[in-house]
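Hi,

Here is the structure I said I would pass on. Have a look at it first, and my notes follow below.

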Amino acid sequence: MNLLQCLKCSAKLDCGPEQCFCPRCGTAWPVRDGIPRFFQVDHYWGEMDRNEALQLIERARQGSWAEAVRARFPENDNMYFGLLDPQRASWAPMLGLDEKSTALDIGSGYGCITQSLSRFVGEMYSVEAVTERIDFTRERLRQEGVDNVRLVQASAADLPLADNSFDLVVVNGVLEWVGEWDLTVDPRTVQINFLKKIFRLLKDDGILLVGIENRIGWSIILGEQDHSGMPYTTLVPRAVASWMLRNNSKPHFRTELNPRRQYRTYTYSERGYRKLLSDAGFAATSSYWAEPGYNQPHSLIPLAMRDWVRQHNKELLDHPGPAPRQSWRRTLKRIASPISPWLVPEFVLLASKQPGHRNRLQAWIDERLAESVGRAVTPGAPPLAWALHTRAFNDKSIVRLGDAKTGSDLAYLKILTGDEQSRTFYENEIANRSKAQESLNVSGRPLVWVPQSYGTLQIGITAYHLEAASRGTQIGAMVRELGYFEDAKRVEQEFSQICDRIIELTSALQNIPGLRTIPLAWREIPETLRNHPDLTRRIAENRYFQRPSLESPSTWIQHGDLSVENAHLNRKSGVFEVFDWCDLAAGLPPLYDFFQFFFSTGYLSRAEETVRFASEEDRWITTFKAVFLSDSSFRRLTQRLILNACERLNVASQLVPSLLLEFLIIRSNYYRPRSEVQRRIQVRSLEACVAEFERLQSDWKQSESALPRTMAMS
């Protein structure tokens, strides 16, 4: 469908291979390389200079656009994610889009959101003013075989598009800049006029999505540069910000649009955005904390659920990372936790023309919850609250669903967006969960639970699975609370209880028939170590799967990714609940799940908690050593609990060091296509384990009891 209209008289345009022509007023615009060019000013603006942008386009045309990006930007660069990560549109599966939907991406840059979003809709329009950007987008779409996108070179201030045409309009990182486009009126008026135009472009049940910064966000308060190219200009009155710009001699590409150096890149608080959108005609706005930012919206937390925001803020502060968890910045954020919902750095805003509209996905969820947990939707009731979590370059998201009125959790929604192979993997997870539940029921393990399934739905390329919410506390949240490991009595009590449940789970899983077996390639020594013959020889000599004393080494069925994030504990009832069953498999070495669980705690000694590590890798290598190789109290507890598991599961304790080697070999191969950082962590941990192997072996031999034990499980 052609939605292009004349910029002068609003008549529908006739577009051919060389021009778009208005039959009413006779105005024409050129078409070059298949792109209508309504904005023909020789203007460039961007995060890299023009020559670099032209070189990127040339490299993309000569080979692979994606490889051109990878060659130009390091993995940790924002542009690397900004150009490559499909999860820049992480919010798309929650908007009820399908093959009948039409979407518009305004200010589409290098086309990452456009390409990702095109998978969910029937037709996509992508508007960008800068020639180099839209030419790059054309090349990436050509190489990817995307044929439902209409590229339009136009100014966002002058859109050649018909009213009442779009189900979704995306304005990501654009609204703050529109004040620069019209210097004749104040920036807020320019923004409202722009939003009014979008309001007209939307269908009656359409949605506007805005990605933008918080005027009073933490990052701004702590001195991050504003769009002016200076810190703090967003916090002060607008007139003072203009004075600061006029007296700043430091050049910055962000000030080139406005030669007066007048402060015009207005941002607002969450309340201010609601008022702005309301003044533009929008009836309802839902606000989300986009973390780590709206250009990497890997977590979206509804600001209406204040407790969820505070909880996520605490998880970020407590999560293991290179920086000390008790740095002054983190301490300041903990002190300010009660007001954290007002200080989140960046937003994703969803504005609608009509309040209370429920899309197909929301209607299905309401129906399933009514049938499964008896939650009826009453007229006028607020829609379900949802918080989405994913990772960069992942095709899977997990959505927490809650009651917006009471704040209680209702269910989890798992989302998978991908090709046929990915969907098969997802279907296997559902089947695995069912098999695990059945085996637990047969084995009589009342304290080990698997979440109940509430149903599945397929919309286009997206599969949704609804399951029961957790009835306990995520163990990751427990163990990463500041000071948790200092209470030795509590740690021993809770970890003993958890390990009893893991033993019960492990026993029950052995009864599951017909599971996939891990690839044999996962047992191969990591390729990066094969150039070190002495190290490779030492690994081969001490491996469990190559021990001459074991003619047929036993393998187990195990969860495969039993981390503290995937397990929950009800501290009152002792119920242990296990989520995320996609990696359930046979062929794993004994105790694999135990090693993964203890490693995932992120434990560090009290002294190590004060260290600022050079990288995330270094931090997790230190955790591995602290959990398995040190003389810390938690390492000694880990050893006692694994010894108990050996006794109850019939594992000879002197085999533990060799089994730990196998665990690290398999994990390094498991992560190879998934995460380069995690792969390196596993490989470096393997090197550390080999370096300490004789001491480790002696330690476990001494711990073995007098009665020999054999590998009885198969």
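Y80 is buried, at 12% relative accessible area (buried is under 20%, exposed over 50%, partly exposed in between, with a 1.4 Å probe and protein chains only). Y80 belongs to helix α3 (78–84) and F393 to the loop between β13 (385–389) and β14 (396–402), so the pair bridges 313 residues (helices are DSSP runs of H or I, at least four residues; strands are E runs of at least two; both are numbered from the N terminus).

Before going on: this is a predicted model, where local features need pLDDT of at least 70 and side-chain atom pairs count only at pLDDT 80 or more, while totals for chains, interfaces and linings use all residues. Residues are numbered from 1 along each chain as its sequence is written, and side-chain values use heavy atoms, without hydrogens and water. The average pLDDT (the predictor's confidence in each residue, 0 to 100) is 92, and 96% of the residues score at least 70. Residues 706–714 fall below 50, though that stretch has 22 contacts beyond near neighbours in sequence (contact means heavy atoms within 4.5 Å).

Back to the rings: there are 34 aromatic pairs. F597 and F598 form another edge-to-face one, with centres 6.0 Å apart and planes at 80°. F597 is buried at 0%, and F598 is buried at 0% too. Ring pairs also tie Y484, F485, F495, F597, F598, Y603 and F634 into a cluster.

F628 touches F595, F598, F599, R635, T638, L660 and L696, leaving aside residues up to four places away in sequence.

Last, the cysteines. One disulfide is present (sulfurs within 2.5 Å): C15 to C20, S to S 2.1 Å, right-handed at 110° about the S-S bond. C15 is partly exposed at 34%, whereas C20 is buried at 0%. The sulfur of C22 is 3.3 Å from that of C9, its closest cysteine sulfur, which is too far for a bond.

Cheers

Notes:
Phe/Tyr/Trp six-rings, centres within 6.5 Å; stacked < 30°, edge-to-face > 60°.
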